[in-house]
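Hi everyone, thanks for coming. Today I'd like to walk you through one structure, starting with its sheet and then moving on to its rings and its core. Please have a look at it first.

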Amino acid sequence: MVTPAASASLKAGAAFTGFGPDLVDFFEGLAADNSRTYWQAHRQAYEAGVRAPLEALAADLAPRFGEVKVFRPHRDVRFSADKRPYSEHASLAVAAEGGTALYLQISADELLLAAGLYAPTPDQLRRFRRAVDAGLPAVELDAVVVEAERGGLHLADGDPVKTAPRGYRRDHPRIDLLRRRSLTVGRSWEPSGWWSTSRLRDVVVETWTAALPLNDWCARHVGPPEHPEPRPGRRP
């Protein structure tokens, strides 16, 4: 049920004060019944407890991090075997310099914050590997990762290729980095009462700020893609 205060916040575009206390219940229900019937029956709970706070959070983050995109709840199922019509999480992102991003996702299970180079195009991946092979940029990357981990972030596994990428030795001293097909850091939290307070915004600011050096490294040594989409049917 939408309270008068929540309804007023929806209309006024108020500053972020937290997600609704029923967010977890809403997404748990959606996971159990991902249908238009459920969505329509609980639409007001979504609008007041999820959408309005997400848009308020985006507005609060934009002056510091740049334009924030809030993702729609409806899934594009045209070319997917998964026909569930609604995303079982809410999310937003900032397209950062150099083809990187800052990302937030919240669901019944977790709050996830992440940053970095998630799905590089083949040309970006080539430049990343050249930078890792160059020496000094790789040393800089080591320092960036260590600093991010001190800030509570964790380096994702990077969806590595099985052996060495083409053109590199299997015994290369930085083979673990060279095998990567993405370069991201992240951190997650289980559901907690502070999700319904402005502390969540402070956690996002602190976490994304800790991740900015990684995005900066990628901007300097990898850069944006030459082509907007990777070539279909191939994995670098």
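**The sheet and its neighbours**

Let's begin with strand β3, residues 101-107, which is mostly covered, since 5 of its 7 residues are buried. Buried here means under 20% relative accessible area, exposed means over 50%, and partly exposed is in between, with a 1.4 Å probe and protein chains only. Helices (H or I, at least four residues) and strands (E, at least two) are DSSP runs, numbered from the N terminus.

Before we go on, a word about where this comes from: this is a predicted model, in which local features need pLDDT of at least 70 and side-chain atom pairs count only at pLDDT 80 or more, while totals for chains, interfaces and linings use all residues. Residues are numbered from 1 along each chain as its sequence is written, and side-chain values use heavy atoms, with hydrogens and water left out.

Now, what does β3 pair with? On one side there is strand β2 (residues 89-95), joined to β3 by 7 bridges and running antiparallel to it. Two strands pair if DSSP finds at least two bridges between them. If you want a spot to look at, find leucine 92, whose bridge partner in β3 is leucine 104. The hairpin of β2 and β3 has 5 residues between the strands, and there glycine 98 takes a positive phi near 80°.

β3 is also joined to strand β4 (residues 111-117), by 6 bridges, and these two run antiparallel. Here leucine 102 has alanine 115 in β4 as its bridge partner. β3 and β4 form a hairpin too, with 3 residues between them.

Let's step back to the whole sheet. It is open, has 6 strands in the order β1-β2-β3-β4-β6-β5, and its pairing is antiparallel. Which are the edge strands? They are β1 and β5, each pairing on one side only. Further along, 7 bridges join β4 to strand β6 (residues 183-189), again antiparallel, and leucine 111 stands opposite tryptophan 189 in β6.

Helix α2 (residues 23-32) packs on this sheet, touching β2 and β3, and its direction makes about 80° with that of β3. Contact means heavy atoms within 4.5 Å. The angles run from 0 to 180 degrees between N-to-C directions, and the axes are lines fitted to C-alpha atoms, for helices over the stretch in contact. Helix α4 lies across β1, β2 and β3, running at about 15° to β2.

**The rings**

Next, the aromatic side chains. How many aromatic pairs does the structure hold? It holds 10. Rings of Phe, Tyr and Trp (its six-membered ring) pair if their centres lie within 6.5 Å; planes under 30 degrees apart count as stacked, over 60 as edge-to-face and the rest as tilted.

Take tryptophan 39 and tyrosine 86: their ring centres are 4.3 Å apart and their planes are at 5°, so this pair is stacked. Tryptophan 39 lies in helix α3 (residues 36-41) and tyrosine 86 in the loop between β1 (68-70) and β2, so the pair ties together parts that are 47 residues apart in sequence. Tryptophan 39 counts as buried because its relative accessibility is 1%, and tyrosine 86 counts as buried at 5%.

Compare that with phenylalanine 65 and tryptophan 208, an edge-to-face pair with 5.2 Å centre to centre and 90° between the planes. This pair links distant parts of the chain, with phenylalanine 65 in helix α4 (residues 43-65) and tryptophan 208 in helix α8 (residues 199-221), 143 residues apart. Phenylalanine 65 is buried at 13% relative accessibility, and tryptophan 208 is buried at 1%.

**The core**

Tryptophan 208 comes back here. The largest nonpolar core has 59 residues, and of these Leu200 and Trp208 touch the most other members. A nonpolar core is a set of buried Ala, Val, Leu, Ile, Met, Phe, Trp, Tyr and Cys residues joined through side-chain atoms within 4.5 Å. The largest share of this core, 9 residues, comes from α8. Leaving out residues up to four places away in sequence, tryptophan 208 touches several residues, among them Leu61, Phe65, Leu92, Leu102 and Leu104.
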